[in-house]
Amino acid sequence: MVQTALHALYDALFQLAALAVPLAVTLGALLLALLLVGLLDRERFRAGLNWAGARLPFLTRWGLVALAVGAGALATYVTRRAVDARMGAQLNARYANAADPAGGETVQTAPHVSLLTTRTYTRTLVLPADVYARLNLNGGWETLLPYLSGAGGQSVQDLREGFTRRGRNLVYTRDLTLQTEEPLGLDTTRAHADLRFVNPAGGRGTYYNATFTADYTFTNPREKASPVRFVFPLPYGSGTLSGFRLTVNGRAYRASDLQGGSVWEGVVGAGQTVRVNVTYQHQGSRGWSYRLADRREPLRNLDLTVTANRPAKFERYSLYPTSTERAAFGGPQTLHWQLQDVITAQNVAVVFAQGSVREMLAKIGLVQPPALVLAALLAVLWAGRRRLPLPPLRLAGAVLGLSVGFALGGVLTAYLPPVVAVPLGALLGAAFGVIVLGRAYLFPLAVTALVPLTFLAVGHAGLLLTLLAAVTLGGLFLTREGFVAVGRRAT
């Protein structure tokens, strides 16, 4: 990161050097104009020189403030370029020194239950005597069996076939026993997905740690004990599952042969209800879905809850939650889907409003130089409204301290999550400014430090900036007596 910062610094200095020529031309033109004025009106020229000489120390001190703002803007620019280059290198690197998120957009399909039934089918084929004679098998009837087979498959339970003689004819008989599945709907579904988003250190991408827990019940409607198959499909796009557990009527089963999902088979008594619990943890990103069915199927009783600490949106044409509970400004929220006796082919699909960490840090870096200019202007206005002393050298030191804090926040993103590193850097910068200017300037410095932090709230930066501007105007133009008067009018 240091080498990248040096390259960015060299680029910035070269850009400043490119401005030296037009600046020199402009200064030369101004000097030539002053000389012409001196030749035409010597008295006014001398008076102007005396005026400038008397105010030169004052202008020099405030020039240091402008120089501090420029140096701070240069420092934040170099830091932003270095952070962006580091994150770009991480995204494109073949190897990494930290773990990447283990999953993507997760899709969990609802389980399906079926009653198992065995049926036997009989097939008979008669070969006339003349056909048998033409084949000239000489008693080797079994050589015809490969040409008459083709009934293999997982659903085949038993296969018996052979030839018999009936007079002059040859009779082929096949008894095929197949296992068929009769769909059996779930009585109740109680599922809960808890999604906790994480912004890892170094800006390696935002992901969530998910815990999925579901309770299912189904009943054998037949008047006799019947074999039942319960299939729980494993989630798609979830990466590594941990803590996977399938419990049927209080008995835990170990997962095996998961090509078609986690399968349980057993004999269920007539009218008996089976209770199944499934739980696991995994990582994911961007969104989470619960696929109810690939075709229209009835839902007797569905209660699905999704909790997340990030604002959610819903895929178009998916099932909208029946109720939501959410906190303001992107806090935790709870989504409920409670459906009874419905027939639907829609699914639950939740996506989360999130920009990339790289884009968020780029926006914060772009707004930091204007924030330094705002700090100087607010300090001047605050001093004028409160009639406070404002030495230019102290203001320059406060601006430099604030810029150092901004730069430190960018550097700390390589070691801490951005939601911790950026506020920590802004806090240290504001603290340094308060130490230099004094506690009387806490308000303008705090406002300036909060401006870049508004972009940490993805999707709410505009609202937060507007509220911050309103608070700033109120703090500037309302004195303590004004606040008291406003409070009395409100009461």
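Let's start inside: the structure holds one cavity of 30 Å³ or more, a cavity being a set of points, on a 1 Å grid over the protein atoms alone, where a 1.4 Å probe fits but cannot get out. This is a predicted model, in which local features need pLDDT of at least 70, side-chain atom pairs count only at pLDDT 80 or more, and totals for chains, interfaces and linings use all residues. Residues are numbered from 1 along each chain as its sequence is written, and side-chain values use heavy atoms, without hydrogens and water.

The lining of the largest cavity comprises 21 residues, with Leu-361, Ile-364, Gly-365, Gln-368 and Gly-410 nearest its centre; lining residues have an atom within 4 Å of a point. Among the elements giving two or more residues to this lining are helix H3 (42–92) and helix H6 (357–386).

Now to the charged pairs. There are six salt bridges in the structure, each a side-chain nitrogen of Lys or Arg within 4 Å of a carboxyl oxygen of Asp or Glu. Here are some of them:

| Pair | Closest N and O atoms |
|---|---|
| Arg-222 and Glu-182 | 3.1 Å |
| Asp-187 and Arg-300 | 2.6 Å |
| Glu-359 and Lys-363 | 3.5 Å |

Asp-187 sits in the loop between S4 and strand S5 (188–198) and Arg-300 in strand S13 (residues 297–308), so this pair ties together parts 113 residues apart in sequence. Glu-359 and Lys-363, by contrast, both belong to helix H6, four residues apart, about one turn of the helix. Salt bridges with shared partners also join Glu-181, Arg-229 and Glu-265 into one network.

Technical notes:
1 Å grid on protein atoms, 1.4 Å probe; cavity = no way out; pocket = protein on both sides within 12 Å on 5 of 7 lines; lining within 4 Å. Points joined across faces, edges and corners; volume = space filled by probe spheres on them.
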